[in-house]
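Thanks for coming. I will go through one structure this morning, and I will keep it short.

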Amino acid sequence: MIILDVQGFSKAFFVHHLQRHIPAFNEVDFRLHAGEFLLVRGVNGVGKSTLLRCLYRSYLPTAGQAIYHAHAGLIDLACAADVDIAALRRTEIGHVTQFLRARPRVSAIDVVTEPLLNQGQTRAQARQIAAEWLTAFGLKEDIWDAYPTTFSGGEQQKVNLVRALIVPRRLLLLDEPTASLDANARAALVTRLAQIKAQGVAMIGVFHHPEDVRDLVDGELHLTNTQVDYVAN
Ligand SMILES: Nc1ncnc2c1ncn2[C@@H]1O[C@H](COP(=O)(O)OP(=O)(O)OP(=O)(O)O)[C@@H](O)[C@H]1O
């Protein structure tokens, strides 16, 4: 089942004080099916994060299309209305970065149970599931009821990941999700990614340590400053 069909996808930033465009990526083409994992590679500044942000529509692409096969039908992520993008973000498309935008005075357990409560689970069920995930990622129980604003970088990232993964999406965009994780948490993440991949979640990921996800990768997208190469594994 096709999840995403990307063609001629390009992004350039117009930098006002330079009065010129700076290209990020150009003419990206690929197709992603349910349960497939696409690894995005390339040197610093080549446009990997920008590609994920354009697919999540935090940025508008400059050209091309990204046809997402939603439950409700086909939708071009490049030009869909903001209200439709917002709906997809709530239910079908997730974007995980290394940074948690912690909300003041919301505890870690409330941050990670919220997606389950929104799904209609009871508070007790949600807490039980969240406890299992937080334990798997090695977030110590002492701080589950504390506010993540005070957490270390790695602890914040664990909260961020659990929140993003606790309710399965159809398409997951992973932007360096292991950047501040210790070895145990990295292993826990890879285990969870393998589980959701087996359930049919399609993923596009940028990884600082690609060897962590070697066994999950179905294809690689190599971004370079001059061209884009898609290689199926
Ligand atoms: N908001 C922005 N305004 C202008 N230029 C930007 C903006 N965001 C990114 N860029 C530029 O776009 C290019 C691609 O950046 P991007 O962060 O996507 O690279 P990357 O491949 O993810 O890099 P890294 O491996 O260092 O994380 C860079 O040259 C960057 O300076």
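In helix α3, Ala108, Val111, Val112 and Pro115 meet Val159, Val162 and Arg163 of α5. By class, the residues of that contact are six nonpolar, no polar and one charged. Before I go on, please keep in mind that this is a predicted model.

Now the geometry of the pair. Two packed helices are described by the angle between their axes and the distance between the axes. For α3 and α5, the axes come within 7 Å and cross at roughly 20 degrees. Angles under 35 degrees count as roughly parallel, so α3 is roughly parallel to α5. The crossing of α3 and α5 is right-handed.

Staying with α3, which spans residues 108-118, its buried residues are Ala108, Ile109, Val111, Val112, Thr113, Pro115 and Leu116. What do they pack against? The partners are α4, residues 123-136, and α5, residues 153-165. Just after α3 comes Gly120, with a positive phi of about 105 degrees.

Next, the ligand. The residues around the ligand are Phe13, Val15, Ile22, Ala24, Gly42, Asn44, Gly45, Val46, Gly47, Lys48, Ser49 and Thr50. Which of the elements gives the most to the shell? That is α1, with three residues. Sorted by class, the shell has five nonpolar, six polar and one charged residues.

The buried ones are Lys48, Thr50, Leu51, Leu52, Arg53, Cys54 and Leu55. Lys48 and Thr50 are also among the residues around the ligand. After α1 comes Arg57, with a positive phi near 70 degrees.

Last, Val40, which sits in strand β3, residues 37-41. Why does Val40 count as buried? Because Val40 has 26 C-beta neighbours inside 10 Å, and the cut-off for buried is 20 or more. Leaving out residues up to four places away in sequence, Val40 touches Lys48, Leu51, Ile204, Gly205, Val206, Leu221 and Leu223. Of these, Lys48 and Leu51 are listed among the buried residues of α1. Val40 and Pro210 are 170 residues apart along the chain, and their C-alpha atoms are separated by 9.4 Å.

That is what I had to show.

Key
Residues are numbered from 1 along each chain as its sequence is written. This is a predicted model: local features need pLDDT of at least 70, side-chain atom pairs count only at pLDDT 80 or more; totals for chains, interfaces and linings use all residues. A residue is near a molecule or strand if its C-beta atom, placed from the backbone, lies within 6 Å of it. Helices (H or I, at least four residues) and strands (E, at least two) are DSSP runs, numbered from the N terminus. Ala, Val, Leu, Ile, Met, Phe, Trp, Tyr, Cys and Pro count as nonpolar, Asp, Glu, Lys and Arg as charged, and the others, Gly among them, as polar. A residue is buried if 20 or more other C-beta atoms lie within 10 Å of its own, exposed if 12 or fewer, and partly exposed in between; C-beta atoms are placed from the backbone. Two residues are in contact if their C-beta atoms, placed from the backbone, lie within 7 Å. Axes are lines fitted to C-alpha atoms, for helices over the stretch in contact, and angles run from 0 to 180 degrees between N-to-C directions. Angles under 35 degrees count as roughly parallel, over 145 as roughly antiparallel, 65 to 115 as roughly perpendicular and the rest as oblique. A crossing is left-handed if the near helix is turned anticlockwise from the far one by less than a right angle, and right-handed if clockwise.
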